[in-house]
Amino acid sequence: MNARPARHARPAKAAAGLALFFLGWQALALSGLTSTEFFPTVPMVARALGALLVDGGFWADMAASLARLLAGLALAIAAGLGLALAVADLALPRRMLAPLVEILRVLPPPALVPIAIYALGLGPPMFLAIIVNAALWPVYVNAANALAATEPVQLLTGRALGYGRVELLWRVRLPAAAPEIFTGIRIAAAFALLATVAAEMLAGTNGLGYALYNAGFSLATPSMFALMFVIGLLGVAIQSVVALARRALVGWHAALAGQA
Amino acid sequence: MKATRINLPGLLFLAALAASWQAAALAVGSRGFPGFLDVARALIHDAPTIAGALAVTLGRAFAGFAIALALALPAGVLFGRVRALRELAEPVIELIRPLPAIAVIPVGMIFFGIGSAAKIAVVVYGAAFPILINAMEAVSGAHPMLETVARSFGLSRLAIMTEIDLPAALPQIVAGIRISLALSVLLAVVSEMILSSDGLGTYLVRAQQSFELSRVLAALLVIALAALAINAAMLAVEHRLLAWHDARQAGAAGHAADGGQTGA
């Protein structure tokens, strides 16, 4: 998303790539190497997808997952950014937090599901805690690092303009750190989706992860692949929203750097 | 990346947290709220079991990671170098990548059962993307001068890939590898949690099901320490491997680190 070549410039090639992918899938499914019961053909998956789309249960699962994901991500962004801003020019608290943050962020979010079930039960707070924890640290770490790394010239200029601490933070550090903050948010969005699906697979009674788990373990493979497709599309959609927000809010950054 | 000097305020803060946790647990005095010392005791008591489970989990993580590296690195360099292939592969990667690797666990189960093969397959799937994408981006984004010079030396396409592209793209590739290693451990643990047979993930789930909170926390502690140790080892390797690289010397390598992480 940073400086990647414009990949949408050649829709014909993209279509060809996707066509090859689905052809390869179909060929593998029909090759007899695996049974179509385990590895369904493309039309079988498409039919399962069609059946899902007219199924109220599927949309309820979608709504449940989306609500968890968005609430968790929003909370994580607010908390991560808030925490990073709070310690932006306080080196000591930042260093005090560092080892704890390291430990919390290397823990696989799904591995926290058992302890979260203990502490919070099986209700919405448990899911929220898992998703917030997964998405919080990428936001915090990227924001804290970027806020601490403002160019000295920019800070001195701000001071020369008579800015106080809060104004420096708000008018100088935050805008300068914005691109990296969005990088953190992009990673956080991917982690939030992962955590949502994982928590629902491990402890859910509804949601896309739960539906996927059920489809897989009842060997309803066409529905399983259709659900994976839907979850993948959800990921694409979320990443696109983040990319759009980034362009709207910090597009001027790229323009300044001559990358626009 | 910080230098590896000891962060005293941070360690003191951790120790203070552990102490207040212990004090709170003593004050509550319930089995449902074990203190830090209870967790340490569980860790020591279960040490042989946990060590065995850790070995199983890390074995799967490394096996999956090694296969992913062997597949994704050459593919990434190739796609990065050959534009026609990249243009075909990119939309497919963009379609598949946002799917969390955890969602692939049922597929692994259907094809491979609940044994090691299924878990390793899930790790391979998840660990391949950061390496593939970082290698592809770094090679395709390399300075055109590199290729021009290589051509004028009469290097073949294959030689350009192995002798020019690979070293030039190394900082970003190594960043991808670090993300990929962390993901490998994550996926090994989670696939063991869902396809319970053995390993740390299964230990974790069993401890939860038998309401032994101190063992749950002991397992989490071991997972965190293992992940931290792997990350530290990787950073040390990175430091040695890339000391010569100009991008490293200019301090630009950190920028590449986000490349593949969205593939989680």
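Predicted model: local features only at pLDDT ≥ 70, side-chain atom pairs only at ≥ 80, totals over all residues.

To see the crossing, select residues 42–53 of chain A for H2 and 221–256 of chain A for H10: their axes come within 8 Å and cross at roughly 70°.

Now show side chains where the two helices touch. From H2(A), pick Met44(A), Val45(A), Arg47(A), Ala48(A), Leu49(A) and Leu52(A); they meet Pro222(A), Ser223(A), Phe225(A), Ala226(A) and Phe229(A) in H10(A). Colour this contact by residue class and you get 9 nonpolar, 1 polar and 1 charged.

## Next: along H3

Select residues 56–86 of chain A. This is helix H3, with 31 residues, and from first C-alpha to last it reaches 44 Å, close to the 45 Å expected at 1.5 Å a residue.

Which residues of H3(A) are buried? Among them are Asp61(A), Arg68(A), Gly72(A), Ile77(A), Leu81(A) and Ala84(A). Bring up H6 (124–148), H8 and H9 of chain A as well, and you have what the buried residues of H3(A) pack against.

## Last stop: where the chains meet

The contact takes 53 residues from chain A and 48 residues from chain B. On the chain A side, elements giving two or more residues include H1 (11–30), H4 (91–106) and H5 (113–120). Keep H8(A) selected, though: H8(A) gives the most to this side, with 11 residues. By class, the chain A side divides into 39 nonpolar, 7 polar and 7 charged.

Technical notes
Residues numbered from 1 in each chain as written. Chains lettered and ligands numbered in written order. Axes fitted to C-alpha atoms, helices over the stretch in contact; angles between N-to-C directions. Helix = DSSP H or I, 4+ residues; strand = E, 2+ residues; numbered from the N terminus. Contact = placed C-beta atoms within 7 Å. Nonpolar A, V, L, I, M, F, W, Y, C, P; charged D, E, K, R; others polar. Expected span 1.5 Å × (residues − 1). Buried ≥ 20, exposed ≤ 12 C-beta atoms within 10 Å, placed from the backbone.
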